Amino acid sequence: MSPHQSVTVIGIGADGWEGLPVRLRTRVLEAGVVLGGARHLALLPPADQARVPWPRPLRERLPVLLAEYADRSVVALASGDPMLSGIGTTLVGLLGAEAVDVHPAVSSVALARARMGWSAESTYVVSLVGRPLERVLAALAPGRRLLVLSADETTPGALAGLLTAAGHGEARMSVLGDLGAEEESRIDALAREWSQIAAVPRLNLVALAMPEAREAAAGGTQYGSWVAGLPDDAFEHDGQLTKRDLRASALARLAPMPGQLLWDVGAGAGSIGIEWMRAHPTCRTIAVEAHPERAARVTRNAHALGVPDLVVVEGRSPEALDGLERPDAIFIGGGARGDGLLEKCQEALRPGGRLVVHGVTLETEALLATAYAAHGGELTRIGVETAAPIGGLTGWTPARAVTQWAWTKEAGK
């Protein structure tokens, strides 16, 4: 792939080839190579040029494809706005913004907002194109409006089933098909009613209106908060779980930021890594867990709580950390006394990165006290007591005290 290669990206609406301005049609027909999906390429009139469908897997093979045509003018076709979860974003990532000339059409999101009468500021977009369906679950909140970009005609039915199974059968779905075309369509139904719907167009978008809390079906799954500290029973676990109050304390010091990566070392049920990812859609987690059953449980919890992109590495630390992408934050919830683990994590952190370690034994507490004396940071002992019945009265039940060491790596180190 030439460092000087450039690509023109042209968005096509549902009105197809005829909907493009003459200047863009000319640009397409004069290109040496046109890249696009089979549907887009089929819209074009005959011309003496190469027409190449997107390779699969796209991200792995696209650089090779571009390199093959580095000596020709290249036009890439996309649906609507190529910079909205589209190929334009991918090409900018590969070639740089200065090498990609983007000409968007009206996006399906803009058309959907117009059809629904929803303002841009009152809606949230979730893409399910090439992404796990469960991503929707992390975006749910009472009264929230979502625009869900469908992968194909099966997405609305699968989404309805997921919502209903999670207790959100009262969510209102409007499936908008072929937006902007003459055959544009709309189907409205509650998620729990969707099994009665026959077919939907392959090109569709789902406008999802969540009920207010007071309208939600009784007994349904509670909406998850985006503030750290989900209820402990939101997670499947075998007792190896960072409990709610301690989890909130740890995440406050880990300080999730958009686009940053967390290592959740000794993940247990995965609660820290899951809540890190729920803090922002671009937050990422690698959960490291030595026990196969717990590693599988982390994956199930991540899917159930709307962050299916969480990566699980099964292996014992510190060896399992070798080769992992350098993190912005690390949480060690178990096994901090592993040989050289603390030092390896400190070294791995990016400058400005945050490390939080929990210990419940005297031996781990001594290790953290030594680390605090050597490196500074914040050393805290946390005790939590909860009210519980004592006979016919109520008293306090203490949980095991936890020693927490929080440390931030200096910039430039």
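Visitor: What covers the buried residues of α5?

Guide: In this predicted model, the cover over the buried residues of α5 includes β6 (123–127), β7, β8, β9 (185–190) and β10. Covering here comes down to contact, with heavy atoms within 4.5 Å.

Visitor: Which residues of α5 are called buried?

Guide: In helix α5 (residues 108–116) they are Val109, Leu111, Ala112 and Met116.

Visitor: What makes you say that the buried residues line one face of α5?

Guide: Look down the axis of α5: the buried residues fall within an arc of 160°, so they line one face of the helix. As background, residues three or four places apart in an α-helix point the same way, because there are 3.6 residues a turn.

Visitor: And what comes just after α5?

Guide: Glycine 117, which takes a positive phi of about 75°.

Visitor: Back to β10, one of the strands over α5. Why is β10 called largely enclosed?

Guide: The cut-off for buried is under 20% relative accessible area. Five of the six residues of β10 (residues 204–209) are buried, so the strand is largely enclosed by the rest of the structure.

Visitor: Now the seven-stranded sheet. Why are β13 and β16 called edge strands?

Guide: The order is β13-β12-β11-β14-β15-β19-β16, in an open sheet with mixed pairing. Strands β13 (311–314) and β16 (378–382) each pair on one side only, and that makes them the edges. From one strand to the next, the twist averages 15°.

Visitor: What makes β16 and β19 a pair?

Guide: Five bridges join β16 to β19 (residues 402–408), and the two run antiparallel. The cut-off is at least two bridges, so they qualify. Glutamate 378, for one, stands opposite alanine 406 in β19.

Visitor: Which helices pack on this sheet?

Guide: Helix α8 (residues 271–278) does, touching β11 (261–265), β12 (284–289), β14 (329–332) and β15 (354–359), with its direction at about 165° to that of β11. Helix α9 (residues 292–304) touches β12 and β13, and its direction makes about 180° with that of β13.

Methods
Residues numbered from 1 in each chain as written. Predicted model: local features only at pLDDT ≥ 70, side-chain atom pairs only at ≥ 80, totals over all residues. Heavy atoms only, no water. Helix = DSSP H or I, 4+ residues; strand = E, 2+ residues; numbered from the N terminus. Axes fitted to C-alpha atoms, helices over the stretch in contact; angles between N-to-C directions. Buried < 20%, exposed > 50% of the residue type's maximum accessible area, 1.4 Å probe, protein only. Arc of directions from axis to C-beta.
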